[in-house]
Amino acid sequence: MTTRAQDAANFRGAVTRNPLDRVAWHNLASAEGDLGRLIQAEEAARRAIALGITAPETRLVLARALQGQRRLDDAQRVFEEAIALRPAYADAHRDLAQLIWMRGGDTASALVPLDAALAEAPADPSLHLIRSIVLEFAGDLPGAIAAADAGIAQAPKDTALLRQASHLCLESGDTPRAMTLAQRASQFARPNSVPEMITSCEALLAAGRIEEADATAEAIVKALPGNQYALALQATTWRIRGDKRYAAMCDYKTMVQAQKLDTPPGFESLEAFLLALTVELENLHAFEAHPLQQSVRGGSQLHIQEAEIARPLIGALFGSIAAAVQRHLQALGPGADILRARNTGKFGFSGAWSVRLRSGGHHTDHVHPQGWISSACYISLPEGVGAGGNSRAGWLRLGQPPIPTLPAIRADHHVKPEPGLLVLFPAYMWHGVEPFTSDGQRLSVAFDVVPA
């Protein structure tokens, strides 16, 4: 299996051999976009379009590259071009709705293009699903359920809509209906389909059917070895059952480490560096509202890709981060457990982002399915956050699942944030941020690490 870097090299060779091959230019644009090389992705997509490619997929790649460069008006226009070429193009509708939502937090405006498409294609389940997702992440849970139900009425065997409706019913506290919907999704899916198994496991946990949930989680882990969400579900069933394997898997004392970053060269203090970095990141955050299908609530998220890493301050940050990660791997050492067994002593970053939370903001509990070690690095904190005392407002919490369980379980570990502090922990540990109230904003950087 080739990596996307290898794909990009192959496609670059193809366009060198035949500069008029518009499909090869599209493929190169897609690979460059996946690698976060947004300028190269834009150039390749524009070359494919200039050569006459009419596929809306090329416009989607171009629009995503433009959005990544924070050229938001241009990105919105090109998303609209993709939809004009294919009015029911679900991926383009999702990205356009998300862009409109993130730019201003206006749900009604975000839904205008989608509702126009649904008027023309009312039986399209993917459009109903996107509408439900937009409403969910805009905070309208009843509206999200109604949108999913409208889709199910049109496509009663659509497993993605059934899983979405089950998930929303869990959020609303309607566990019996969530279970029914999960069972229907499994009925219409292919045998042993993992997404439906995950939905079933979540409903079983909420219903208190822990032995069945445990068996389902084990099957998911076998089907998805190394998937951190599967491991998190398994850890949850073990915790509820009192299985001693939970304590070994979630050993907060040895697996969670908080350390202050080294001061990058050229700065008199870590505080001076963080002050300059705060200004840099604030200037790069382009959105007002959180993205869809991410953990952020009440804030914005900035992807940190090749162009951002090339900026001196952000590059210096990741230089200090790399040194801290190396120390963490050395402290972890080798071992037979699920975390240490992958410790080669070498690592790579598999994704990075910055989050800016305003008053009332938080992270819902989540894991990073394709990660290995996850992180929270605090750049600046508003007054009162991290102050201690009886309040844990704005603190990192670990161990609390995002789904209801019977019996209910809460976070079993917290970390107090401090400017310049980097927290590293296994990617399979549920983690979130406690809400806080303040006139200031909470600015952080996070990333995932994988073995190299």
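User: Which residues does Ser438 touch, not counting residues up to four places away in sequence?

Analyst: Contact is defined as heavy atoms within 4.5 Å. By that criterion, and leaving out residues up to four places away in sequence, Ser438 touches Ser359, Pro382 and Glu383. This is a predicted model, in which local features need pLDDT of at least 70 and side-chain atom pairs count only at pLDDT 80 or more, whereas totals for chains, interfaces and linings use all residues. Residues are numbered from 1 along each chain as its sequence is written, and side-chain values use heavy atoms, with hydrogens and water left out.

User: Where does Ser438 lie, and what does its side chain reach?

Analyst: Helices (H or I, at least four residues) and strands (E, at least two) are DSSP runs, numbered from the N terminus. Ser438 belongs to the loop that joins strand S8 (431-433) to strand S9 (442-451). A polar contact is a pair of N or O atoms within 3.5 Å; within protein, one must be able to donate a hydrogen and the other to accept it, and residues adjacent in sequence count only if both atoms are side-chain atoms. The side chain of Ser438 reaches the backbone oxygen of Glu383 at 3.4 Å and the backbone nitrogen of Gly440 at 3.1 Å.

User: Is Ser438 buried or exposed?

Analyst: Buried means under 20% relative accessible area, exposed over 50%, and partly exposed in between (1.4 Å probe, protein chains only). Ser438 has a relative accessible area of 12% and is therefore buried.

User: How many residues of H14 are buried, and what covers them?

Analyst: In H14 (residues 228-241), 12 of the 14 residues are buried, among them Leu233 and Trp238. Their cover includes helix H12 (194-207), helix H13 (210-223) and helix H15 (244-249). At the start of H14, a side-chain oxygen of Asn227 comes to within 3.0 Å of the backbone nitrogen of Tyr229. Gly242, with a positive phi near 75°, follows H14.

User: Which residues have the most contacts inside the largest nonpolar core?

Analyst: In soluble globular proteins, nonpolar side chains tend to be buried together. A nonpolar core is a set of buried Ala, Val, Leu, Ile, Met, Phe, Trp, Tyr and Cys residues joined through side-chain atoms within 4.5 Å. The largest has 73 residues, and those with the most contacts inside it are Leu233, Leu317, Phe318, Ile379, Met429 and Phe447. Helix H19 (residues 312-332) contributes the most, with 9 residues. A second, separate core of 62 residues includes Ala63, Leu99, Trp101 and Leu118.

Methods
Expected span 1.5 Å × (residues − 1).
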